Amino acid sequence: MLAVLLVCSLHLVVAAQPEWSPRPDAARYLATARALTRGEGYTYLGQPFTLRPPGFSVLLAPVTALVGLDFRALEVFTGATGLVAAAALFMLFRARLGGVLAAAFTLWFWFLPERIRLCREIMADVPGFAALVLALLAVDACERRPSHHRMPIPSVRASTSIA
């Protein structure tokens, strides 16, 4: 797993672009993140922002506080959440496929052109996917480790008899 993550990390840093491809949603994420760092709350152009929850803007706020609008750093940050997703995918599939196939699948996922494009945009898609895969990994871990604290879920059996 460490070798796979090393390859992915190197690719992430080398492939990062210093320019920004403007998208309206990305601009709102950055504007609300900057408002959060300035102590203005979750606002957009001075008005409370209610279009979407502040999750991604809250994640971006510390980065914009440290580096401002350094788009290469912001892209690396977004890509790093893709790295978290890749690590979680590896761990999720290692139990089912073994280490070699899980590594091959993770590398295939990492070098998908669409994943690369999404990691180059300052959008919530990649962090959202990472959160989803981490949730699946948590569910998998809970199912593998039974606990007496959990209530059993009754199974539903289909009846074959017709009354």
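Me: What makes a set of residues a nonpolar core, and which residues of the largest one touch the most other members?

Reply: The term covers buried Ala, Val, Leu, Ile, Met, Phe, Trp, Tyr and Cys residues joined through side-chain atoms within 4.5 Å, where buried means under 20% relative accessible area, exposed over 50% and partly exposed in between, with a 1.4 Å probe and protein chains only. The largest such core has 17 residues, of which C8, L83 and W110 touch the most other members. Helices α1, α4 (71-97), α5 and α7 (125-144) each supply at least two residues of this core, and the largest share, 7 residues, comes from α4. A second, separate core of 10 residues includes A26, F56, I122 and M123.

This is a predicted model, in which local features need pLDDT of at least 70 and side-chain atom pairs count only at pLDDT 80 or more, while totals for chains, interfaces and linings use all residues. Residues are numbered from 1 along each chain as its sequence is written, and side-chain values use heavy atoms, with hydrogens and water left out.

Me: What is W110 in contact with, leaving aside its neighbours within four places in sequence?

Reply: Contact means heavy atoms within 4.5 Å, and with those neighbours set aside W110 is in contact with C8, H11, L12, G79, G82, L83, A86, R115 and I116.

Me: Why are α1 and α5 called roughly parallel?

Reply: Helix α1 (residues 2-15) and helix α5 (residues 99-110) pack at an angle of about 10°, with their axes 10 Å apart. Angles under 35 degrees count as roughly parallel, over 145 as roughly antiparallel, 65 to 115 as roughly perpendicular and the rest as oblique, so α1 and α5 are roughly parallel to each other. On the α1 side V4, V7, C8, H11 and L12 make the contact, and on the α5 side A103, T106, L107 and W110; these residues divide into 7 nonpolar, 2 polar and no charged.

Me: How do you know whether D140 is buried or exposed?

Reply: D140, which has its place in helix α7, has a relative accessible area of 9%, and because this lies under the cut-off for buried residues, D140 is buried. Leaving aside its neighbours within four places in sequence, D140 is in contact with L92 and R96. The C-alpha atoms of D140 and L92 are separated by 7.6 Å, although these residues are 48 residues apart along the chain.

Me: How many of the residues of the protein count as buried?

Reply: Of the 163 residues of the protein, 32% count as buried.

Definitions and conventions: Axes fitted to C-alpha atoms, helices over the stretch in contact; angles between N-to-C directions. Helix = DSSP H or I, 4+ residues; strand = E, 2+ residues; numbered from the N terminus. Nonpolar A, V, L, I, M, F, W, Y, C, P; charged D, E, K, R; others polar.
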